[in-house]
Amino acid sequence: MRKLDVLKYIGILSFVNIVSAQTLTIDQSYQLAVENYPLIKQYELIEKSKEYTLSNANKAYLPQISVTAIEGYVFGDFPSMGSSGSDSKFKFIGLGQVNQVIWDGGATKTQKKIIEASSNVDKASVEVSLYDLRSRVNQLYFGILLIEEQMKQLEIQNAILANNIDKVKKLHENGLAYKTDVDEMKAEQLILSRQKKDFEYTKNGYQTMLSYLIGKNINQTKFEKPINAAGLDTIIKRPEQLRFANQRNLINAQSEMQKVSLMPKIGLLGAGVVFAPGINFGTNKISSVGVAGLSVNWDIKGLYKNSNEKELTKQQLKQIDLQEEIFLFNTRFQMNQKTTDMERQNSILKDDDAIVKLRQTIREGYQLKYDTGAGPLIDLLNATEKEGNARAEKALHEIQLLMTAYEYQTIKGN
């Protein structure tokens with residue numbers, strides 16, 4: 001996902017009551033998890049910090065005024081052309097200066113670039129952290145779906161047993177079946193009931209964790225089974241890539257400041273000095289002198305380290321390139337793993353279909369034998385259990401394939 005796009009990813013207000021419809025999708029879970037995560041508040045803090053810092057940078061062209069007042073002891077003979085009526089060596093001198101920048105060599109412009117680039121790096125880092133929430137959602141959401149599918153298979157087995165119990169009860173009432181057959185089937189039902197309770201407690205635990213993660217009560221919510229999201233698209237679009245790009249922008253912006261240090265600074269200068277009576281050049285009054293003009297400041301010390309700064313920038317950019325190369329290598333490695341897993345799971349599912357059909361046919365055959373008195377109950381119960389296990393394994397593999405497909409999308413960036 002290229003740049004999470006804050007407004008799109010966190011901010012649709014009408015989405016707040018989305019769970020009230022009693023249906024939850026995995027995409028909605030992603031979005032709610034991001035909205036509920038405390039780190040999301042970092043976006044606003046980063047933006048406010050950027051605004052204030054940019055505002056300070058823009059004030060560089062405002063007139064700079066400095067005033068200094070001195071009341072001190074004068075050593076030696078201070079120039080004086082008049083008499084103040086006092087021979088005290090303690091005198092007052094006031095100094096004032098006004099500087100107005102005309103051209104700062106591009107320092108302000110570059111500083112604003114650095115502020116913007118630094119803010120983008122911070123935002124990208126937040127996006128990376130928020131994107132990691134998708135993996136947590138996947139684990140919990142598909143865990144719930146898997147449990148629900150397992151519970152459905154238990155219901156199928158229970159329905160088969162319940163139907164047989166009704167048959168055997170009638171046969172027993174007519175003296176054509178043993179009471180132990182009814183008890184055997186009831187015992188199997190109790191085993192299924194125990195398994196169902198275990199699944200229910202596990203599901204409640206998953207729902208509690210997902211509720212906490214997304215900030216919504218989902219105890220009465222229906223979880224929509226997503227379609228298989230697998231595709232041949234191998235293009236990686238992760239927020240980490242945006243962070244790498246922003247880090248490069250920041251390094252390049254910072255390197256421009258070295259160029260700025262080589263430029264002269266031009267401005268207007270106004271300065272004045274005020275002398276208290278007793279330090280004057282004429283009558284016994286306050287004396288002053290002022291100067292105004294164009295100021296040029298050129299510090300060439302940047303020339304000495306310019307070449308080293310350029311090499312340092314190159315090395316920093318190479319480090320970013322290497323980090324991105326490692327990230328892409330690891331990401332592609334994970335994608336290949338998931339692709340292999342999906343191929344294996346698809347192959348297993350083809351066998352699952354065949355196994356379920358055979359187990360159903362076998363169970364129906366033992367059912368017919370038992371109904372006609374040609375076969376024992378134990379054979380029917382074993383066949384029923386094996387059919388249930390085959391259906392449960394198929395359901396397990398279906399959800400695993402679906403989860404692997406979504407993990408693949410999460411790894412490459414959807």
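**Aromatic, charged and buried contacts in the predicted model**

Tyr141, Phe142, Phe223 and Tyr406 form one aromatic cluster. The structure is a predicted model, and four aromatic pairs are found in it. In one of these, Tyr141 and Phe142 adopt an edge-to-face arrangement, with 6.1 Å from centre to centre and 80 degrees between the planes. The ring of Tyr141 also pairs with that of Phe223; the centres are 5.7 Å apart and the planes stand at 80 degrees, so this pair is likewise edge-to-face. Tyr141 and Phe223 are both buried. For Tyr141 the relative accessible area is 0%, and Phe142, at 1% relative accessibility, is buried as well.

A further aromatic residue, Tyr30, takes part in a contact with a charged group: Arg134 lies over the face of the Tyr30 ring, at 4.0 Å from the ring centre. Tyr30 is one of the buried residues of helix 2. This helix spans residues 26-36, and eight of its 11 residues are buried, so helix 2 is largely enclosed by the rest of the structure. Besides Tyr30, the buried set consists of Ile26, Gln28, Ser29, Gln31, Leu32, Ala33 and Val34.

Side chains of opposite charge can pair when their charged atoms come close. Over the whole structure, 12 salt bridges are found. One of them joins the side chains of Glu148 and Lys203, with an N to O distance of 3.0 Å. Glu148 is located in helix 5 (residues 133-173) and Lys203 in helix 6 (residues 179-214), so the pair ties together parts that are 55 residues apart in sequence. The relative accessibility of Glu148 is 19%, which counts as buried because the threshold is under 20%. Lys203 is also buried, at a relative accessible area of 17%.

A second salt bridge connects the side chains of Glu324 and Arg248, at 2.3 Å from N to O. Here too the link is between distant parts of the chain, with Glu324 in helix 8 and Arg248 in helix 7 (residues 239-260), 76 residues apart. Glu324 and Arg248 are both buried. Together with Asp321, these two residues are linked in a network of salt bridges.

Helix 8 covers residues 302-371 and includes Met335. Met335 is buried, its relative accessible area being 4%. Apart from residues up to four places away in sequence, Met335 touches Thr234, Ile236, Tyr408, Ile411 and Lys412. Of these, Ile236 is 99 residues away from Met335 along the chain, yet the C-alpha atoms of the two residues are separated by 9.7 Å. Gln345 is likewise placed in helix 8 and is buried, at 6% relative accessibility. When neighbours within four places in sequence are left aside, the contacts of Gln345 are with Gln400, Leu401 and Thr404.

Notes
Residues are numbered from 1 along each chain as its sequence is written. This is a predicted model: local features need pLDDT of at least 70, side-chain atom pairs count only at pLDDT 80 or more; totals for chains, interfaces and linings use all residues. Side-chain values use heavy atoms; hydrogens and water are left out. Buried means under 20% relative accessible area, exposed over 50%, partly exposed in between (1.4 Å probe, protein chains only). Helices (H or I, at least four residues) and strands (E, at least two) are DSSP runs, numbered from the N terminus. Contact means heavy atoms within 4.5 Å. A salt bridge is a side-chain nitrogen of Lys or Arg within 4 Å of a carboxyl oxygen of Asp or Glu. Rings of Phe, Tyr and Trp (its six-membered ring) pair if their centres lie within 6.5 Å; planes under 30 degrees apart count as stacked, over 60 as edge-to-face and the rest as tilted. A charge sits over a ring if NZ of Lys or CZ of Arg is within 6 Å of the ring centre and within 35 degrees of the ring normal.
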